[in-house]
Amino acid sequence: MTHAGAGEVLVVGLGPGPDHWRTPEVSEALTRATDLVGYKTYLDRCAPRPGQTRHASDNREECDRARLALTLAREGRTVAVVSGGDPGVFAMAAAVFEVIDSDAAARQILVTVMPGVSAMQAAAARLGAPLGHDFCVISLSDHLKPWPLIERRLKAAADGDFVIALYNPASKTRPAQIFQAFDLMRAHKALETPVAFARAVGRPDEQLIISTLAEADPATADMATLVIIGSSQTRFVQRPGAAPWIYTPRSAPDTE
Ligand SMILES: C[S@@+](CC[C@H](N)C(=O)[O-])C[C@H]1O[C@@H](n2cnc3c(N)ncnc32)[C@H](O)[C@@H]1O
């Protein structure tokens with residue numbers, strides 16, 4: 001139940017890049033919000049509106065940001081919590097619920113999560129259809145989880161013959177983990193497996209590098225890159241004058 005006249009929290013995702021990948025629902029929410037809360041880089045992607053207050057913060061302050069949004073909503077404000085991509089994928093929606101989980105009073109606040117296009121969807125669309133069959137999504141960042149857990153999940157995903165989408169593959173402070181991840185993949189998957197580095201998809205500096213597990217250079221990945229590593233069924237479709245498509249067929253053979 002919500003308090004009459006109380007504010008609300010709109011948890012929105014901007015999509016991975018251009019405005020035309022932003023849903024109309026999210027655009028409407030950004031228009032009617034009295035307050036925007038989020039990482040500065042994402043708030044900079046929202047057009048300024050007269051009378052709207054922006055609360056920009058550092059990238060690592062997710063729960064503080066969520067708490068601020070809920071506090072403002074209690075004061076009667078309509079607060080948009082802004083993420084890139086989809087707000088439920090390695091983004092603010094989980095932080096909002098983490099705070100609500102530990103604060104019974106916050107459960108009375110109206111919270112609406114609005115989906116956005118996630119980077120893996122945008123990257124997959126550019127490449128063809130690499131996520132056409134079962135896939136796993138793993139963040140390589142050990143900021144919020146230990147590296148041995150990431151290694152365990154990478155190995156399990158490779159053993160399960162999933163297509164694997166890697167978010168947060170590398171940063172200036174974490175340059176080595178993508179190399180470790182590729183070493184692990186090379187030990188568990190066929191070397192001819194298709195691999196793609198999709199960087200800044202939808203933005204002016206977009207770059208797509210298509211390779212194989214044997215030849216891919218992990219140094220290609222940075223924080224603006226989404227890495228896709230195929231399953232045993234993922235294949236290239238060559239085409240004249242352009243990079244090959246990558247797709248994973250809708251069915252898998254019975255090899256078990
Ligand atoms: C903190 S996560 C946020 C993910 C976001 N919520 C989503 O659904 O796409 C940031 C990571 O998403 C990926 N990413 C976001 N935008 C991207 C883009 N335009 N092109 C490629 N990868 C992108 C990168 O792996 C980046 O390190």
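Trainee: How do you know in which strand T212 is found?

Mentor: T212 is found in strand 10, which covers residues 207-212, and a strand here is a DSSP run of E of at least two residues, just as a helix is a run of H or I of at least four, both numbered from the N terminus. This is a predicted model, in which local features need pLDDT of at least 70 and side-chain atom pairs count only at pLDDT 80 or more, while totals for chains, interfaces and linings use all residues. Residues are numbered from 1 along each chain as its sequence is written, and side-chain values use heavy atoms, with hydrogens and water left out.

Trainee: Why is T212 called buried?

Mentor: The relative accessible area of T212 is 16%, and buried means under 20% (exposed is over 50%, partly exposed in between, with a 1.4 Å probe and protein chains only), so T212 counts as buried. Leaving aside its neighbours within four places in sequence, T212 is in contact (heavy atoms within 4.5 Å) with L191, E192, T193, V195 and F236.

Trainee: What makes helix 3 and helix 4 roughly perpendicular to each other?

Mentor: Helix 3 (residues 62-74) and helix 4 (residues 92-101) pack at an angle of about 65 degrees, with their axes 8 Å apart. Since 65 to 115 degrees counts as roughly perpendicular, under 35 as roughly parallel, over 145 as roughly antiparallel and the rest as oblique, the two helices are therefore called roughly perpendicular.

Trainee: Which residues of helix 3 and helix 4 meet?

Mentor: E62, C63, R65, A66, R67 and L70 in helix 3 meet M92, A95, V96, E98, V99 and I100 in helix 4. Sorted by class, this contact has eight nonpolar, no polar and four charged residues.

Trainee: Why are helix 6 and helix 7 called roughly parallel?

Mentor: Helix 6 (residues 147-159) and helix 7 (residues 177-188) pack at an angle of about 30 degrees, their axes lying 10 Å apart, and this angle falls under the limit for roughly parallel, so the pair is given that name. Among the residues that meet are W147 and L154 in helix 6, and A181 and L184 in helix 7.

Trainee: How do you know that strand 6 and strand 12 are edge strands?

Mentor: Three strands form an open sheet of mixed pairing in the order 6-13-12, and strand 6 (128-129) and strand 12 (235-239) each pair on one side only. Two strands pair if DSSP finds at least two bridges between them, and two bridges join strand 6 to strand 13 (residues 242-247), which run parallel. A129 stands opposite Y247 in strand 13.

Technical notes: Axes are lines fitted to C-alpha atoms, for helices over the stretch in contact, and angles run from 0 to 180 degrees between N-to-C directions. Ala, Val, Leu, Ile, Met, Phe, Trp, Tyr, Cys and Pro count as nonpolar, Asp, Glu, Lys and Arg as charged, and the others, Gly among them, as polar.
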